[in-house]
Amino acid sequence: MTGTRGALTALHLLLVWAATAALMPMIGFAVVAGGWGGGIGAVIPVLAVGVPLMWGLLAMTALPVRTIVPMCGSLRQRLGWAALVFILGTIGVLAGLGAYLQDVYLGSAGTRFALTGVPYALAAALFVPGWRVRLGTLAVLVCGAGYGVFVGPALAEQRQEEAEVARYRQNPELLYLGDSPRGMEISRVRVGPNLFSVDYTPMREGYDLGNVGLWVNHSITPALQCPTPVQKEVTCTVDTHGEMRTVTSFPGGSDITLVRRREDVEVTVTSGSLDETGLRRLLTTLHPLSDAELDELIREKRIEHAQ
């Protein structure tokens, strides 16, 4: 008798899962499609047909356990039981949908369809007499809630961070950083398909030290060469190591720009306040952007994608 009771209970829960996993996604899709195309007026007919159909189908799944589950003894009781299972299960589906919209991973499309029936099967299991079934149901509910509230969001956040890092590292050959000049810090970093730029600004607000810019881009010409013709206020030279130095004079000061080749990229540093020694020190300290440095820039929101 116990074996028959267990088999009927398993068949009952399987029927609940199969019926809801097959029908509820179709109802949900029809509701979304109707709402998208025709508004609330198109949703009402879908619900008017889909909800009673689901209600009646759930009541039929209770037939195998009409002598086991007290609430399923008569047709009237089965309809009341079906209404409760439908309400509780739909709450579970909405909770799962909310988690999915928060980027919680719920598997492939096929897996998500299958998971649609699980809240209804769990709701039906709560009405099955016997502490073992109910204890197992509560354990599944606790595990599902823990995944949806804690584990899933944490994994989703981790995947988002990894995707963001991967986007920034699409062109790793450009990602070079120099040590900040004394009294300055990195204020903004831009990453583009053919450019990596860094802005260094004074650490203290109102501290008049000027700005320093660093750019890294792919080499265009075989060797660095001064532009021709050179403007009257510009002085440009290329030394024996292939490094180009440009000084642009203007009333009250000048801008110094140094360009140096590094493997297949060109590194440019420029400033109107930092002297040539400081710019050369910045070039000397160039190093590939480390994971720790990138994580810090992302965490402090100092890095962005160039438009």
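The model is predicted: local features need pLDDT of at least 70 and side-chain atom pairs count only at pLDDT 80 or more, while totals for chains, interfaces and linings use all residues. Residues are numbered from 1 along each chain as its sequence is written, and side-chain values use heavy atoms, with hydrogens and water left out.

**Exercise 1.** State the strand order of the open sheet and identify its edge strands.

Solution. Strands are DSSP runs of E of at least two residues, and helices are runs of H or I of at least four, both numbered from the N terminus. Two strands pair if DSSP finds at least two bridges between them. The eight strands run in the order 5-6-7-8-4-3-2-10, with mixed pairing. Strand 5 (234-238) and strand 10 (303-305) each pair on one side only, as edge strands.

**Exercise 2.** Determine whether Thr270 is buried or exposed, and find its side-chain partner.

Solution. Thr270 is in strand 8 (residues 265-271). Its relative accessible area is 16%, so Thr270 counts as buried (under 20%; exposed is over 50%, partly exposed in between; 1.4 Å probe, protein chains only). Its side chain makes a polar contact of 2.9 Å with that of Thr257 (N or O atoms within 3.5 Å, one able to donate a hydrogen and the other to accept it; residues adjacent in sequence count only if both atoms are side-chain atoms).

**Exercise 3.** Locate His12 and find the backbone oxygen that its side chain reaches.

Solution. His12 lies in helix 1 (residues 2-38). With a relative accessible area of 0%, His12 is buried. Its side chain reaches the backbone oxygen of Thr61 at 2.9 Å.
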